[in-house]
Structures are given as C-alpha cells and as structure tokens.
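I opened the model to look up a few residues and some totals for the chain. My entries follow in the order I made them.

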Amino acid sequence: MLAFSVLCLFIGYHAYLFIMPSVKVINQSGQLLTRVEVSLPSNNLVFDNIGPSQSARIHHSTEQADGDYAYRIRLSSGKHINGRCGYVTHDQYMKVLKLTVNRDAKVKCVE
C-alpha cells in the first residue's frame, strides 16, 4: 500500500509540473547570469546565478491577467538586457516560455 501511495504521489507531482505553465531560462552566453527577473501580469519570477551552458525553470500560477512577459537580465560582465516577449493569459496550461541568452547578449524567446 505504501508503494502504491508513493507511486501515486510521484505521478501526481510530475503531472502537476507538466500541466502548470513555466518560464525556462537557457544560458548560452558563455558567462554567469547573476540575476534574471521575469515579470508577468500577476507574478514576478526571479532566477539567481545560472551558469554557462545551464538552464533553470520556474513554474507559475495560471491566475494571471492578460499581458506580456517582461525580462531583466544581469550578466556577470555587468551588462543588463531588458525586453518584452510572449503573451500570457488567464488559465493558460502547459505553456513554457523559453528565454535563451546567446553569446552576443541577445535574447531569443520561444513560446
């Protein structure tokens, strides 16, 4: 019975992560991303210290007002990158916004 309960929890947890919307930051800049802030209409997501060739992901609430994603990225060189991309709506499930920072300090957004 315990094994069945653990299996159900495991499956439920991974189903939750699959269904909930998220933002994924992929660092291909060749330097440390010391801070990444992504603002949604009803949330603010903060990533700290994403190393070169690493990525990080944060899930967020589906309770959002309609609007776009705004990002502020600080690289270890001191350079800042600001911008907007993508669009979020209320009750949007299974969406992943991918922000990829490349070697030229440019951001590519894929929804």
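**Entry 1: K95**

Helices here are DSSP runs of H or I with at least four residues, strands are runs of E with at least two, and both are numbered from the N terminus. I noted that this is a predicted model, where local features need pLDDT of at least 70, side-chain atom pairs count only at pLDDT 80 or more, and totals for chains, interfaces and linings use all residues. Residues are numbered from 1 along each chain as its sequence is written, and side-chain values use heavy atoms, with hydrogens and water left out.

Is K95 buried or exposed? K95 counts as buried because its relative accessible area is 10%; the cut-offs are under 20% for buried, over 50% for exposed and partly exposed in between, with a 1.4 Å probe and protein chains only. I then listed what K95 touches, leaving out residues up to four places away in sequence: M20, P21, S22, Y69, Y87, V88 and E111. A contact means heavy atoms within 4.5 Å.

**Entry 2: positive phi**

I checked the backbone next. Most residues other than glycine have a negative phi. D91 is not a glycine, yet I read a positive phi of about 55° for it. D91 lies in the loop between β6 and β7, and it counts as partly exposed because its relative accessibility is 37%. N49, also not a glycine, has a positive phi of about 50°. I placed N49 in strand β3, residues 44-50.

**Entry 3: a surface patch**

Which residues form a nonpolar patch on the surface? I found F18, I19, Y93 and M94, with about 440 Å² of accessible area together. Nonpolar side chains (Val, Leu, Ile, Met, Phe, Trp, Tyr) are joined within 5 Å, like charges within 9 Å. Areas come from the Shrake-Rupley method with a 1.4 Å probe; for residues, only the protein chains shown count as cover. F18 lies in helix α1, residues 2-19, and is exposed because its relative accessibility is 59%.

**Entry 4: totals**

I counted 1 helix and 8 strands, in the order α-β-β-β-β-β-β-β-β along the sequence. Buried residues make up 34% of the 111. The accessible surface comes to about 6,600 Å², with 55% belonging to carbon and sulfur atoms.

Definitions and conventions:
Patches are made of residues with over 30% relative accessible area and no salt bridge: like charges are joined within 9 Å, nonpolar side chains (Val, Leu, Ile, Met, Phe, Trp, Tyr) within 5 Å. A salt bridge is a side-chain nitrogen of Lys or Arg within 4 Å of a carboxyl oxygen of Asp or Glu.
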